[in-house]
Amino acid sequence: MHTGRTRRTAQTTVAKRSSVLIVVPLLLASIVSLPALFHPVNATASAPSFTFTAAGDYGGIIPPPLSTHGSRGYNLTSVIASKYPNFSIALGDLGYTSQNPSNWCGNFTSLYPATGTGALVLVTGNHDTNNTKGVTVYYQASGAPTGSGGSGAPSDVLTNETTSDPVNGFWDTYSSSGNGYASECGAPSGIGWVGSQTSSNGLSCNNVLTAPTCYGREYYFDYPSSNPIMRFIIVSAGICGKWFNGCPGSSYAGWKATSTCPASGSEHYCWLKARIDEAKNAGLWVAVAVHKQCLNDDATSSTSCPPSLDAFNLAIKDKVDLWLDGHVHNYERSKQLTSCTPSTGFTISSCIYNTGTNVSGTVNFARGSGMIVNIIGTGGIGNLGICTTCSNAQYFQKLCGSNMDIGIPQTGGCKNDYGFVQFTVTTSSISARWVDVQCSSSPCTLSDSYSINVPAPPGDFSMYQNPSTVRLFCSIYDCTTSTTSILSLTSFGSFSGPVSLSYVKLNTTNISVTGLSSATLGPNGITTLTITASGKDNGLFLWNITSTYGVITHWELFRVSAYHCTHSPCPVTPTG
């Protein structure tokens with residue numbers, strides 16, 4: 001069962017956040033200096049860094065001797081484990097017909113993280129969510145070369161890819177189906193995921209692993225959990241199901257672009273926009289992970305965008321740093337996209353991009369200048385070819401598929417490679433490197449690396465509260481009239497200097513706050529400060545906390561959920 005992190009103390013406030021975001025900028029003109037709001041706690045901590053890996057479309061994780069040398073998915077997972085990442089993102093399409101969810105999850109996690117530290121983070125793929133309407137399906141038996149066996153009647157409700165081959169995985173656990181991927185793989189250790197709980201077409205997901213769960217479908221997490229520097233947002237755009245009113249097409253709902261969130265028909269779009277806006281306003285790195293691609297150059301040179309072109313263009317417009325995909329069974333890494341123009345429906349006609357600067361084999365890009373697409377469908381199920389004559393190749397700097405080197409610069413060194421991408425995230429850069437696991441002939445020679453760098457000077461900084469909602473509860477049984485939250489300021493790109501702090505009170509309240517109005521941040525350092533809220537009142541009260549240095553501005557909402565009972569009987573504990 002998911003144990004929610006302290007950053008979000010009330011799920012209802014998370015759901016409301018997108019509507020508040022629209023109001024706050026209108027009030028910035030009334031910013032008031034915040035004398036004595038913040039107390040410094042520690043100004044000497046070092047900024048964090050971490051690594052993660054990403055790949056999708058695995059197939060079976062089959063060890064020897066069931067598979068002579070181990071399946072490609074098994075070998076790839078073994079190499080991931082040897083890199084000791086803080087977590088690994090599986091970009092959907094996990095066991096296919098080779099393994100049921102129980103065996104796939106068990107075999108993967110026995111290799112990584114095994115008994116060590118680390119976490120497996122899941123994204124729902126179209127082969128992972130099924131509903132056979134009561135028909136039992138059977139997985140390949142233990143005596144088969146890729147054996148695992150098992151049976152069940154998949155009953156997923158929110159997401160459901162109905163295909164002519166129903167022998168695929170399923171996400172949720174129901175009595176008729178057995179255990180799905182969500183419960184069998186479990187919640188990722190050390191990661192405080194927060195589900196969207198989005199209500200769309202009369203359905204919503206649960207912020208726990210209980211069916212139908214948000215985990216794998218629509219959730220986010222900030223990493224590390226203490227003093228985070230990056231937000232990861234996982235969505236199921238392009239996956240069929242009742243949650244989206246069917247499959248991508250004229251009736252596909254929830255992803256329509258809108259400027260007035262929340263809006264009917266845009267529920268999922270608005271949730272994604274709110275989570276991106278929060279992270280960008282706070283100064284964090286941002287990645288969006290979704291199984292189905294929106295721009296690719298496989299053998300059919302698809303220009304369609306099953307995940308919804310509106311969601312894709314939102315991520316580009318809001319300067320998301322990374323877009324992570326599977327679904328297409330090859331490796332495709334784009335240039336830094338600054339905009340894409342729609343044609344009709346779910347199709348793209350053209351994109352504008354930055355090519356970056358190649359320094360010693362690593363392509364360097366500037367943070368905030370565009371988004372890089374990473375299609376990493378090379379987990380082992382079997383690669384597809386790259387298009388030999390298609391215009392989409394112009395948007396990509398590296399391509400590799402089953403047809404190997406096709407004589408264009410992007411496919412140089414390709415030998416039908418299987419592998420993953422390893423990312424290293426610091427407050428100065430996101431560095432990405434292709435890791436080869438196996439190819440058609442030795443030695444494997446595919447290589448690709450790039451870096452997104454914070455322009456310095458001037459550098460940048462982020463701000464982050466934990467928790468962002470505090471509670472004051474006063475009754476005849478128990479009365480708390482003062483509580484605190486920690487605000488962290490983290491240097492990005494070796495930023496240093498004095499940061500001024502101010503706020504906008506968004507509604508009238510008897511609650512007061514105390515502390516300082518500025519803090520000095522050192523290069524590559526973290527300054528933490530305490531926000532104190534005191535008093536008695538009833539309701540949810542909001543402040544917009546803004547941090548400023550010259551032209552650099554970031555802000556977050558500070559929430560106080562207060563309840564003051566003045567009558568008898570009072571509840572022993574608060575209910576909200």
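Which residues of helix 2 are buried? In this predicted model, the buried positions of helix 2 are Gly73, Asn75, Leu76, Thr77, Ile80 and Ala81.

## Overall architecture

The chain of this predicted model contains 6 helices and 30 strands, and of its 576 residues 57% count as buried. Among the contacts between residues at least 6 apart in sequence, 72% join residues at least 24 apart.

## Helix 2 and its surroundings

Helix 2 covers residues 72-83, and at 1.5 Å a residue its 12 residues should span 16 Å, which agrees with the 17 Å that separates its end C-alpha atoms. Its buried residues, which include Leu76 and Ile80, pack against strand 3 (50-55), strand 4 (87-90), helix 3 (101-111), strand 19 (418-425) and strand 20 (429-438). An α-helix has 3.6 residues a turn, so residues three or four places apart point the same way. After helix 2 comes tyrosine 84, whose phi is positive, near 50 degrees.

## The nonpolar cores

The largest nonpolar core has 110 residues, and those with the most contacts inside it are Phe87, Trp104, Phe232 and Phe312. Apart from this core lies another, of 24 residues, among them Leu487, Val499, Tyr503 and Val513.

Phenylalanine 87, leaving aside its neighbours within four places in sequence, is in contact with Phe50, Thr51, Phe52 and Thr53, and also with Tyr112, Ala119, Val121, Ile191, Phe221, Tyr223 and Phe232.

## Helix 5, an enclosed helix

Helix 5 runs over residues 267-282, and at 1.5 Å a residue its 16 residues should span 22 Å, in agreement with the 23 Å between its end C-alpha atoms. Because 12 of these 16 residues are buried, helix 5 is largely enclosed by the rest of the structure.

Just after the helix, glycine 283 takes a positive phi of about 90 degrees.

## Aspartate 128, a buried acidic residue

Aspartate 128 lies in the loop between strand 5 (120-122) and strand 6 (137-138). Although buried, aspartate 128 has no salt bridge, and the nearest side chain of opposite charge, that of arginine 217, is 10 Å away. A polar atom of the aspartate 128 side chain does, however, lie 2.8 Å from the backbone nitrogen of glycine 125.

Not counting residues up to four places away in sequence, aspartate 128 touches Gly92, Asp93, Leu94 and Gly95, together with Val123, Asp156, Gly169, Phe170, Trp171 and Tyr181.

## Leucine 399 in strand 18

Leucine 399 is found in strand 18, which comprises residues 396-400, and counts as buried because its relative accessibility is 0%, below the 20% cut-off for that class. The C-alpha atom of leucine 399 is 9.7 Å from that of asparagine 296, although these two residues are 103 residues apart along the chain.

When neighbours within four places in sequence are left aside, the contacts of leucine 399 are Asp297, Tyr331, Glu332, Ile386, Ala393, Ile408, Gln410, Thr411 and Cys414.

## Backbone features in the loops

Two cis peptide bonds deserve mention. One joins proline 457 and proline 458, with omega about 10 degrees, and proline 458 lies in the loop between strand 21 (449-453) and strand 22 (460-466). Another joins asparagine 466 and proline 467, with omega about -5 degrees, and proline 467 is found in the loop between strand 22 and strand 23 (469-474).

Alanine 114, in the loop between helix 3 and strand 5, has a positive phi of about 55 degrees and is partly exposed, with a relative accessible area of 41%. Asparagine 416, in the loop between strand 18 and strand 19, likewise has a positive phi of about 55 degrees, but counts as buried at 15% relative accessibility.

Note on methods. Residues numbered from 1 in each chain as written. Predicted model: local features only at pLDDT ≥ 70, side-chain atom pairs only at ≥ 80, totals over all residues. Heavy atoms only, no water. Helix = DSSP H or I, 4+ residues; strand = E, 2+ residues; numbered from the N terminus. Buried < 20%, exposed > 50% of the residue type's maximum accessible area, 1.4 Å probe, protein only. Lys, Arg positive; Asp, Glu negative; His and termini not counted. Salt bridge = Lys/Arg side-chain N within 4 Å of Asp/Glu carboxyl O. Polar contact = N/O pair within 3.5 Å; in protein donor to acceptor, adjacent residues only side chain to side chain. Contact = heavy atoms within 4.5 Å. Expected span 1.5 Å × (residues − 1). Core = buried A, V, L, I, M, F, W, Y, C linked by side-chain atoms within 4.5 Å.
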